Amino acid sequence: MNIFKIYKDKFYLLLQDNNFECNEDKVTVDSPRQASFGDLAFNAPLILSSSLKINPLEVGAKIVDLIKQSFNEFETVEVVKPGFINLKFKKIFWFNFLFSFEDSKGKITTNPKKINLEYVSANPTGPLHVGHCRGAVYGDILANLLNFVGHKVTKEYYINDYGNQIHMFAKSVYARILEITDGKKFPINEGLYPGEYLKEIAENLIKKRSISDYSNYDEIKDQLGSMAMDEAMIMIKNDLLALGIRHDLFVSEKELVKKNLVSNTIKILENKNCIYNGILPKPKGNENDDWEPREQLLFKSTKFGDDVDRALKKSDGTWTYFANDVAYHSYKLERKFDQYINVLGADHAGYLKRLKACVDALSDFNADFECKVCQLVKLFKSGEPYKMSKRAGDFITAKELVNSVGVDAVRFMMIYRSNDSQLDFDFDLVTEKTKENPVFYVQYASARIHSVLRKVSLDLSNFDQESLQLLDSDIEIDMIKKLSLWSKCLELSAKNLEPHRIPYYLYDLASIFHSYWNLGKEHSEFKIIENNNKELIKARIFLLDRILKVIKSGLLILGVSSPESM
């Protein structure tokens with residue numbers, strides 16, 4: 001129950017009934033800037049003053065009178081500069097709210113959507129590394145969040161298994177096979193992938209004995225490349241599982257090309273007059289004297305907001321990576337989703353405009369398409385940049401990170417900052433058992449509440465609502481108020497694709513609970529269950545049960561465990 005949305009609707013209806021006309025979208029009911037100002041802040045006086053040509057405080061005074069006449073749940077209602085109405089609920093409101101509180105699963109959205117969410121889509125030429133970690137976790141938690149609030153999400157991975165990089169990958173695996181079978185030294189400075197993980201792939205292929213003769217690469221390259229790619233995807237899927245990630249669908253670029261989807265998509269764009277033969281200008285910052293202008297098949301992406309038009313064919317006549325990407329997005333559109341979301345790494349930020357352009361062109365601007373970019377992750381230990389082992393060649397693997405600090409810490413902390421901000425991952429912090437470690441502090445709240453519930457077995461299904469009025473201390477009311485923000489947190493997180501709001505909220509909720517717990521150590525009247533008032537014990541257990549439900553729901557969205565003991 002989002003009380004801010006509920007009271008926005010109520011107050012807006014009150015304005016209409018009393019001939020105050022204003023744009024509903026501009027009316028807001030939110031939390032005041034400071035908790036001491038009250039529980040709600042209503043901006044109607046500011047919105048109405050310009051159209052009525054009346055001082056906002058005068059308009060506010062009239063609205064305050066209307067609210068006092070129409071509602072009896074407010075303890076105070078007052079207009080303050082520059083033109084807000086601050087409202088504070090009576091305690092009875094919070095007791096009634098707590099009694100009816102639910103964790104909101106599936107009840108947030110009034111317009112459930114069928115959503116395609118593509119994330120990770122790392123090149124299948126090596127294991128997932130720390131650079132992939134953030135986008136992988138962000139995408140997975142975003143999918144959990146959108147499903148939680150009532151949408152239907154398809155989690156998709158696009159396999160870039162076509163083109164020169166795959167050819168070089170196959171040659172790299174071949175070189176590792178010869179290193180094992182013939183003792184040939186692995187060549188360097190030939191553009192091959194150097195990672196030690198290739199030895200594992202090579203050994204697996206040798207054991208399978210599907211290829212008996214490795215003497216001629218050209219004769220076996222297609223079969224070898226296909227088998228090596230299968231092994232690489234097994235490795236990547238295992239890395240994803242280590243992060244707690246399972247995709248619903250894996251789409252192969254190679255299969256799209258085989259099915260002539262690229263050619264068919266180009267024809268669609270031709271029919272829309274979005275293709276032409278032309279010469280692109282020299283790339284900015286390119287000082288290469290060997291660069292020569294040449295005619296290419298181009299997509300009119302500038303027609304759809306891009307900076308330059310984009311090439312669809314290479315000089316050798318093969319399709320560009322972008323052409324294959326256009327075909328992939330055409331395939332997405334064919335499957336008729338209500339919304340399409342791509343999660344990209346920081347190194348792909350330059351692709352946003354061209355991807356949006358191709359989707360707009362293919363859908364005639366009718367597709368709801370959005371890209372979210374996850375910025376870089378920097379590892380720190382003891383205040384210094386941290387270099388872990390590099391078994392993969394020149395990068396740190398996601399699995400190494402998980403093995404070092406645990407999947408819960410990785411998932412929680414990778415989402416603890418907005419995706420468009422750089423993230424510093426501190427090894428010391430995520431292994432501490434202190435308040436400074438957010439994942440520990442939230443999980444510790446779960447464990448503490450479970451410990452209380454184990455000691456007191458109560459059937460809350462027949463709970464007497466009047467007992468909640470015994471929860472009249474400021475900190476108990478504050479905990480109920482924090483619960484009231486849960487629906488709003490979910491709604492904003494899902495609407496704005498900002499799942500980082502979830503761990504922030506959980507940390508704040510856990511912090512209030514731990515303060516309450518510690519009060520019980522200092523003052524006997526705040527001991528949760530060690531007192532003689534059975535009705536008060538029941539009321540406190542009821543409150544803790546609701547807090548635990550939210551913590552469990554929040555951690556479920558994050559894909560983080562909710563421990564019963566620590």
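Asn260 sits in the loop that links helix H9 (253-258) to helix H10 (261-271). Helices here are DSSP runs of H or I with at least four residues, strands are E runs of at least two, and both are numbered from the N terminus. The model is a predicted one, where local features need pLDDT of at least 70, side-chain atom pairs count only at pLDDT 80 or more, and totals for chains, interfaces and linings use all residues. Residues are numbered from 1 along each chain as its sequence is written, and side-chain values use heavy atoms, with hydrogens and water left out.

Back to Asn260: its phi is positive, about 60°, even though the residue is not a glycine. With a relative accessibility of 44%, Asn260 counts as partly exposed. That label covers the range between buried (under 20% relative accessible area) and exposed (over 50%), using a 1.4 Å probe and protein chains only.

Pro82 belongs to the loop between strand E3 (74-80) and strand E4 (84-89).

## Strand E13 and its partners

Strand E13 (residues 377-381) pairs with strand E15 (residues 423-426) in the parallel sense, over four bridges. Pairing requires DSSP to find at least two bridges between the two strands. Within this pair, Phe380 stands opposite Asp426 of E15.

E13 also has an antiparallel partner, strand E14 (residues 384-385), joined to it by two bridges. Lys381 has Glu384 in E14 as its bridge partner. The hairpin of E13 and E14 has two residues between the strands, and Ser382 in that hairpin takes a positive phi near 55°.

Helix H8 (residues 217-242) holds Asp230. Asp230 has a relative accessible area of 49%, so it too falls in the partly exposed class.

How far apart in space are Asp230 and Ile54? From C-alpha to C-alpha the separation is 71 Å, and in sequence Asp230 and Ile54 are 176 residues apart.
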